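Welcome, and please open your viewer. We will go from one selection to the next, with a short note at each stop.

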Amino acid sequence: MGEALAAHLAERAAKQPLSVAEFMEAANAAYYSARDPFGAQGDFITAPEISQMFGELIGLWIADLCLRAGSGPALYVEFGPGRGTLAADALRALAAARLAPDVHFVETSPVLRTAQAARVPDATWHADFSTLPRDRPLLVVANEFFDALPVRQFVRHGGGWHELMISWEDGRFVRRPGPAADLSLGPAREGAIREMSPVSGQITRDLAARIAKQGGAALVIDYGHAEPGLGDTLQAVARHGFVDPLEAPGTRDLTAHVDFSALRAAAKAGGAAVHGPILQGTFLEAMGIGARSAALAASAPARAEEIAAARERLVAPEAMGSLFKAMAITAPGWPVPAAFQ
Ligand code: SAH
């Protein structure tokens, strides 16, 4: 699969350079469609795979919001649910609050759909969110979803901005500035790089418009920056280490940091209210990870150390606590969500 894709992309890029977004989209579609990348044996690990506390506290966040909104039946929706672990943990916490929403997953990978069905058999799957039911509020969770969506890259060169394009030369992919772009990305020093993800902006705007119309909220958690910044954040991870993002497309996960200021603007343009971003550590502490880890450790003393280590990994600033951010989108008139007051 990976080799066939690499050969196909090489042929395309030899004829006509590809944008970074085109390359990333093709590489990630092939990567996710063919494998379950998570866990110690895989390429990387995500917060819900580190501890059940992560999904449980998100379930609690949703339950609190629904009860205060007095919304009646709503849908639990997850974008890119991975192995379905976060959903299973969140739904258990929702059930404890006597909430049993119908579950809808937006997922393109057939391999991961199978994994999700093992954890959440009653879910309904969608290729994109346009087919979600329109008759009830949406409670949307997207953890490490937006970082996998394609970004375009532009480099400051000779007083203008040029899109970085990928071509195939001498048996490898290389990134070079293309013709001047018709865009005003502001001044910057020679060689500075700016990224933008038109797909992320469009999904966020359309989702916010659906939420504004139907009611509900979305919780977006991902690594990225709260303010627009400069820099090349395209990265590839395989076997828990960084590797060359242009090598062997389709065999490694390609990501870019999420620009939360762009998502904020898109959500507002869609007519919804936006809260945050705040640090993941701040979010989890506010939701009570201290009390939850103490309760788990008390019921399983043999696992106390492991539970404390997982908590530390999720909240400590030098681990995931500050690189990862949480941002909420709510329908106008809905209460301000917990942790964002
Ligand atoms: N949320 C999970 C998985 C994160 S990995 C966790 O935290 O563990 C990214 C997920 O998004 C995978 O499930 C992948 O298959 C899915 N995905 C990537 N691009 C997508 C797209 N364009 N549409 C729908 N799902 C996508």
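The tour begins at the ligand and then moves out to the protein around it.

Before you click, note that this is a predicted model, where local features need pLDDT of at least 70, side-chain atom pairs count only at pLDDT 80 or more, and totals for chains, interfaces and linings use all residues. Residues are numbered from 1 along each chain as its sequence is written, and side-chain values use heavy atoms, with hydrogens and water left out.

Stop 1: Which atoms of Glu107 and the ligand lie 2.6 Å apart? They are a polar side-chain atom of Glu107 and an oxygen atom of the ligand, a pair of N or O atoms within the 3.5 Å limit for a polar contact. Next, pick Gly80, where a backbone N or O atom lies 2.7 Å from a ligand nitrogen. At Asn143, a polar backbone atom is 2.7 Å from a nitrogen atom of the ligand. On its own the ligand has 570 Å² of accessible area (Shrake-Rupley method, 1.4 Å probe), and the protein covers 90% of that.

**Stop 2: a salt bridge.** Now select Glu56 and Arg92, whose side chains form a salt bridge at 2.7 Å, N to O; the rule asks for a side-chain nitrogen of Lys or Arg within 4 Å of a carboxyl oxygen of Asp or Glu. Glu56 belongs to helix H4 (residues 52-69) and Arg92 to helix H5 (residues 85-96), so the pair ties together parts 36 residues apart in sequence. Helices (at least four residues) and strands (at least two) are DSSP runs, numbered from the N terminus. The rule gives 15 salt bridges.

Stop 3: Go to Gly276 and Pro277, joined by a cis peptide bond with omega about 10 degrees. Pro277 lies in strand E15 (residues 273-279).

Notes
Polar contact = N/O pair within 3.5 Å; in protein donor to acceptor, adjacent residues only side chain to side chain.
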